[in-house]
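Please examine the model shown below. The paragraphs after it lead through a few of its features, one after another.

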Amino acid sequence: MRIDILTLFPEMFESPFGSSIIKRAQEKKLVKINLVNLRDFALDRHRQADDYPYGGGAGMVLKADIVIRAVQALRSPDCRVVYLTPQGEVLNQALVKKMAARAHLILLCGHYEGIDERCQAVIDEEISIGDYVLTGGEIPAMVVTDAVVRLVPGVLGSDEAHTEESFGSSLLEYPQYTRPRVVSGLEVPPVLVSGDHQAVRRWRKKMSLKRTLLKRPDLLLQREFDPEERELLEE
Ligand code: ADE
């Protein structure tokens, strides 16, 4: 998979993409993340990528000619151009899955007051990472990239991939414990050290259901329960 990120601040991505699982995914050539400086598509001597808004007002607007030129230079037959904006569709795991199925994403990060409306000529879809306003699209592009890359086959080891199963079923993760067995008088639930794998699996499923019910009941409204889940909820 290839992800091109169009930004005025490519340096913001260096540490997040140069660490941990995203770094390993690039080293394994499972994903190519291409940081593109929008200024490289400016034609003037000062490489100006933004300008004052027509009609006046505060802030600067990303120039349409630069964005259009950049997208045209990078586009491929199976690519999707995504603009990160609070006006977009709010990101969730279903949307992440759809994006992960693409061979090529172009993520456009706005900054300051936004982009010239004529950039829409090359934009396929708009995504928001939540109902709050950030200073730019860079952090949202990192969020989208991280969520998408971890779904690319081979990126997560088989141990890590398990986590996906949990959110894939729209339930929150069950509680986890590691050594030592007692911390400040707090013990690990006995079932987890019982060696009974079936009991552990059922306990985890029950805890996932309970947690989701308590913390995010809205997630359960969009989902049906299987027979085992019904049984666990009644226990
Ligand atoms: N740019 C600024 N705020 C944003 C948000 N919440 N989601 C996506 N892009 C943004």
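Proline 180 is found in the loop between α6 (158–168) and β8 (182–183); helices (H or I, at least four residues) and strands (E, at least two) are DSSP runs, numbered from the N terminus. The peptide bond that leads from arginine 179 to proline 180 is cis, its omega being near 0 degrees. This is a predicted model, in which local features need pLDDT of at least 70 and side-chain atom pairs count only at pLDDT 80 or more, while totals for chains, interfaces and linings use all residues. Residues are numbered from 1 along each chain as its sequence is written, and side-chain values use heavy atoms, with hydrogens and water left out.

Although serine 20 is not a glycine, its phi is positive, at about 55 degrees.

The packing of helices comes next. Two packed helices are described by the angle between their axes and the distance between the axes. Axes are lines fitted to C-alpha atoms, for helices over the stretch in contact, and angles run from 0 to 180 degrees between N-to-C directions. Helix α4 (residues 93–100) and helix α5 (residues 138–149) have axes that come within 9 Å and cross at roughly 75 degrees. The two helices α4 and α5 are therefore roughly perpendicular to each other; angles under 35 degrees count as roughly parallel, over 145 as roughly antiparallel, 65 to 115 as roughly perpendicular and the rest as oblique. Val96, Met99 and Ala100 of α4 make the contact with Val144, Ala147 and Val148 of α5, where contact means heavy atoms within 4.5 Å. By class, this contact of α4 with α5 has six nonpolar, no polar and no charged residues. In this classification, Ala, Val, Leu, Ile, Met, Phe, Trp, Tyr, Cys and Pro count as nonpolar, Asp, Glu, Lys and Arg as charged, and the others, Gly among them, as polar.

Helix α7 (residues 197–215) and helix α9 (residues 227–234) pack at an angle of about 75 degrees, and their axes are 10 Å apart. It follows that α7 and α9 are roughly perpendicular to each other. On the side of α7 the contact is made by Arg201, Arg202, Lys205, Lys206, Leu209 and Leu213, and on the side of α9 by Glu228, Glu229, Glu231, Leu232 and Leu233. The contact of α7 with α9 comprises four nonpolar, no polar and seven charged residues.

Lysine 205 of helix α7 deserves a separate look. Leaving aside residues up to four places away in sequence, lysine 205 touches Asp226, Glu228, Glu229 and Leu232. Its side chain makes a polar contact with the side chain of aspartate 226, at 3.2 Å. A polar contact is a pair of N or O atoms within 3.5 Å; within protein, one must be able to donate a hydrogen and the other to accept it, and residues adjacent in sequence count only if both atoms are side-chain atoms.

Finally, which residues surround the ligand? The shell includes Leu84, Thr85, Pro86, Ile129 and Tyr132, a residue being near a molecule if one of its heavy atoms lies within 4 Å of it. Strand β5 gives the most to this shell, with three residues. The shell around the ligand divides into eight nonpolar, four polar and no charged residues. A nitrogen atom of the ligand is 2.8 Å from a polar backbone atom of tyrosine 132.
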